[in-house]
Amino acid sequence: MTFFLIVTLNGLTLAALYFLAASGFTLIFGLMRTVNMAHGALLLLGGYVGFEVAKATGVWPLGILGGGLAAAFAGALIQFGILGRFQGDELRQTLASIALSIIMADLMLWYWGGITYQVALPDALTGGFKLPLLGVGYAAIRLVLIVFAVVIGISLWLIIAKTRLGAIIRAGVDDREMLRALGFDVAKIFIIVFALGGLLAGMAGVVAASALSIAPGTDLQFLLPFALVPLFANDFWLIQIFGRALILGIIALSLTFLAAYLGVVSFAQATMAGVAGYTVAYFGPNTVDVGRELPFYVVLPLAMIMATLSGALIGLIARRSQGIYAIMITLAVGVAFFYFTRQNYTYFNGWTGFSGIRAPEISGRSLREPLPFYLLIILVAALCLTFVNGFIKSPLGLTIQAVRDGPKRVLAIGIPTTPVIVSAYAFAGLIAGSGGILNVWYQERISSFSVGLGPIVDILVIAVIGGLKHPIGAFIGALAFVLLDTFAVDFIDRERFNTLIGLVLLAIIMGAPDGLHGLAKSWLSRFKNRPIKNQV
């Protein structure tokens, strides 16, 4: 019985901590329909500032207040300076908050380092005491954490449901124009909401740092120059630059296809590619003695089938979701797959994953050599791009675009939308799987970190930088990403790459929402339409 009570209290403590961490995010999302992906960075900022304040003053409550106010100020600044400019454009808001999250996390890593910090507790909370009714001893800080979460929850409800400020905020969500006509400054109201969400995040960061700790954690024409690369490039440029860019471009192409033709942004492309990669690793030769080796001509179709099925399953899960809801569901699927691969040792070999995975030999010709492998990569990239351009003109491809533009009209003429949406995701899985196979041969290994949040965000960044409205944008973005990743070290500290890529992403979102491809088209259009002066 004692063990059961302790486990129950531990579960309540963890739930309280998660509630504190998520309450600010939920407040902003519920009232403003803004997915603030920088919320975790605000929590981390609050934890760090709270640590410094508590260390300087020796007063724990001041640490909580200082961390909350710092995060509140940062949240208000984010809404005023960046996200408020995109109010009503949910996708651009989400992407901009991702860029801000990358920048903030990297800057905090630079300033505070990778050291783990823990906020010192007051003497009254360092021990524990026996609960009178339950008859078990428990840590005082954990009990305070539960009580603090309950107080925050009740306070939030009272503010939103029972105060004039809460009524104004709810009115701003329901009918912004009417509230503005009554003389209220809607922009300031939303800044207050963001500041309140940041305050909650910052305080949660300090409490978490006290109970636990904190630490940083044109189409084929464009591809033609890639075909000429072997004539002048050495192995480094051949594989590490252009080869890697094409592989990442293939995976990002699956995201661009869904965004451009189905109208959804998916965070699960790394998962689809990872399914194909793990299939190759499990059924192919590896050096960890896990799996069952089959001939490569069996493994490759099997990997493609598994990636396609994974795409179809994800599409079935997300079939009713659009906009930010599709982003959140596919992100949840991606994170769930990451933790599953980390914990399963029978098929995924857990943390370690698989190593020693190499491209096969065909007719005595090894695909492991740089030139054959690069030619294979460019062939697959050209086939995928051609396949996408042909598919979107097919009856199914046109139906997918019709679902994007008017799903109710598609239903009205007797076409069910669910099979169409699932087919689109399945096709995206097929494309991503192609890139996943090449990627596992390129890396010669795969683990849970290959499908984690880092690769998920990298694919999104690539697609956004290149442009989400055209398939070729995926390859443009991939080349830009790889060049930055490889050569930024010549200009900045290697550890500050995330700050650089975050700034680039933010600049693209704010200044060129159609990406580099759209920017190039705009410049070419202006050049072609420039009036020609009459010559005398």
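I take buried to mean under 20% relative accessible area, exposed to mean over 50%, and partly exposed to mean in between, with a 1.4 Å probe and protein chains only. This is a predicted model, where local features need pLDDT of at least 70, side-chain atom pairs count only at pLDDT 80 or more, and totals for chains, interfaces and linings use all residues. Residues are numbered from 1 along each chain as its sequence is written, and side-chain values use heavy atoms, with hydrogens and water left out.

**Entry 1: Thr-256**

I started with Thr-256, which counts as buried because its relative accessibility is 0%. I found Thr-256 in helix H11; helices (H or I, at least four residues) and strands (E, at least two) are DSSP runs, numbered from the N terminus. Next I listed its contacts (heavy atoms within 4.5 Å). Leaving out residues up to four places away in sequence, Thr-256 touches Ala-463, Gly-467, Leu-468, His-470, Pro-471 and Ala-474.

**Entry 2: the core**

The largest one has 163 residues, and Phe-257, Leu-262, Tyr-425 and Trp-441 have the most contacts inside it. Helix H11 (residues 235-262) provides the largest share of this core, 19 residues. Domain 1 (2-211) and domain 2 (236-452) each give this core at least three residues; the domain bounds come from an automatic or database domain assignment.

Not counting residues up to four places away in sequence, Leu-262 touches Phe-257, Ile-400, Val-403, Arg-404, Ile-421, Ala-424 and Tyr-425.

**Entry 3: the largest cavity**

Rolling a probe the size of a water molecule over the atoms shows where empty space is left. On a 1 Å grid over the protein atoms alone, a cavity is a set of points where a 1.4 Å probe fits but cannot get out, a pocket is an open set with protein on both sides within 12 Å along at least five of seven lines, and lining residues have an atom within 4 Å of a point. Grid points are joined across faces, edges and corners, and a volume is the space filled by probe spheres set on the points.

I read about 30 Å³ of space for the largest cavity. Its lining is made up of Leu-255, Ser-266, Phe-267, Ala-268, Gln-269, Ala-270, Ile-456, Ile-459 and Leu-460. Helix H12 (269-283) and helix H19 (453-466) each supply at least two residues of this lining, and H19 has the largest share, 3 residues. I sorted residues by class: Ala, Val, Leu, Ile, Met, Phe, Trp, Tyr, Cys and Pro count as nonpolar, Asp, Glu, Lys and Arg as charged, and the others, Gly among them, as polar. The lining of the largest cavity then has 7 nonpolar, 2 polar and no charged residues.

**Entry 4: the second largest pocket**

For the second largest pocket I noted about 390 Å³ of space. It is lined by 22 residues, and Asp-89, Leu-91, Arg-92, Leu-468 and Lys-469 lie nearest its centre. I counted 13 nonpolar, 4 polar and 5 charged residues in this lining.

Phe-497 sits in helix H21 and counts as buried at 9% relative accessibility. Its C-alpha is 6.9 Å from that of Asp-485, 12 residues apart in sequence. Phe-487 belongs to helix H20 (residues 472-487) and is partly exposed at 26%. Beyond residues up to four places away in sequence, Phe-487 touches Phe-236, Trp-237 and Ile-241. I also noted 10.0 Å between the C-alpha atoms of Phe-487 and Phe-497.

**Entry 5: positive phi**

Asp-289 has a positive phi near 55 degrees, lies in the loop between H12 and helix H13 (296-317), and is exposed at 74%. Asn-349 has a positive phi near 60 degrees, lies in the loop between H14 and strand E3 (354-355), and is buried at 13%.

Note on methods
A nonpolar core is a set of buried Ala, Val, Leu, Ile, Met, Phe, Trp, Tyr and Cys residues joined through side-chain atoms within 4.5 Å.
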